[in-house]
Amino acid sequence: MKRVQDDPERAGEIPSPGAGGSTRLELCDITHRYRDKKALDGVSLTLNPGIYGLLGPNGAGKSTLMNVICGNCRPKVGRVLWDGTETRKLGATYRSLLGYAPQQQGLYDQFSGRRFLAYMATLKGISRKKQKEEIERVLDYVNMTDVAGRPMGTYSGGMKQRILIAQAILGDPKLLVLDEPTAGLDPRERVRIREGIRKLAGTPGTVQCPLEKSPKEEKPTGSRIILVSTHVVSDIEPIAQEVILLKEGKVAARGSVEKLCEAYHCSKGLEEVYLQVFGHCEKGNVDKGETGYL
């Protein structure tokens with residue numbers, strides 16, 4: 001079986017901090033253990049603006065990788081760099097550039113959507129003077145202005161996912177990390193979220209279309225990095241410029257959908273690549289989504 005290797009040129013010299021005003025995230029030989037289990041094993045990645053899909057079975061290391069990127073977990077070995085500078089040295093500056101949308105957990109059901117966003121905006125250091133305008137901007141984007149006064153405990157699963165995306169884009173972050181953004185949603189909500197992610201990859205501050213509207217066909221050309229972790233191939237196959245397949249803590253393969261299909265001689269799309277890399281034993285635990293994909 002042919003394996004797609006990282007492009008050695010992409011793991012070359014690290015640019016000086018902020019060189020050229022670039023947006024660049026680098027993971028350099030990241031290794032992390034939980035007791036006797038190696039969750040990540042020498043992961044090296046370079047992410048430039050665009051949408052990246054992170055695929056892998058349970059236990060592959062996806063959650064650990066996201067925690068390392070978000071600064072919630074310091075790796076035993078390796079470094080995380082933002083524009084050439086270690087993120088741990090950037091501190092609050094890096095956190096202000098980061099937006100994270102977890103799975104549906106930890107929401108304050110008694111809070112209204114608007115109150116929750118105000119709380120998150122305060123945690124992100126957005127001034128009260130700017131909060132109202134910023135909250136209305138993200139509510140409009142996720143098409144939830146009309147229900148923002150309702151308690152979040154009354155929201156559907158799709159609405160909860162959208163409010164989590166709304167809090168993640170508060171402050172117009174350069175880096176977005178989305179953990180299973182369509183988990184448990186019906187097909188219509190899946191499509192809304194997926195196409196919203198497509199629009200989010202546009203130039204920060206210029207997004208005008210809410211999630212309800214139909215997407216444009218052209219690929220985004222903005223300056224935001226979006227990493228989407230999912231089990232649902234159909235969530236990222238149409239929108240990801242690159243897919244990263246994580247297996248037993250290592251990058252098993254990465255590349256565009258077209259390049260991966262070509263490398264693995266797959267004519268049926270990313271689903272077939274997934275089954276080749278992770279094995280047909282995964283079929284019993286597959287989330288097929290709205291189109292029958294993984």
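## A buried glutamate

E86 is buried, with a relative accessible area of 14%; buried means under 20% relative accessible area, exposed over 50%, and partly exposed in between, using a 1.4 Å probe and protein chains only. The structure is a predicted model, in which local features need pLDDT of at least 70, side-chain atom pairs count only at pLDDT 80 or more, and totals for chains, interfaces and linings use all residues. Residues are numbered from 1 along each chain as its sequence is written, and side-chain values use heavy atoms, with hydrogens and water left out.

## Partners of E86

Side chains of opposite charge can pair when their charged atoms come close. A salt bridge is a side-chain nitrogen of Lys or Arg within 4 Å of a carboxyl oxygen of Asp or Glu. E86 has such a bridge with R79, where the closest N and O atoms are 4.0 Å apart. R79 is partly exposed, at 37% relative accessible area.

E86 also pairs with R88, and here the closest N and O atoms are 3.0 Å apart. R88 is exposed, with 53% relative accessibility.

## A pair within helix α7

R192 and E189 form a salt bridge, with an N to O distance of 2.9 Å. Both residues belong to helix α7 (residues 187-200) and sit three residues apart, about one turn of the helix. Helices (H or I, at least four residues) are DSSP runs, numbered from the N terminus. R192 is buried at 9% relative accessible area, and E189 is buried at 9% relative accessibility.

## The wider count

Across the whole structure, a search finds 14 salt bridges.

Technical notes: Helices (H or I, at least four residues) and strands (E, at least two) are DSSP runs, numbered from the N terminus.
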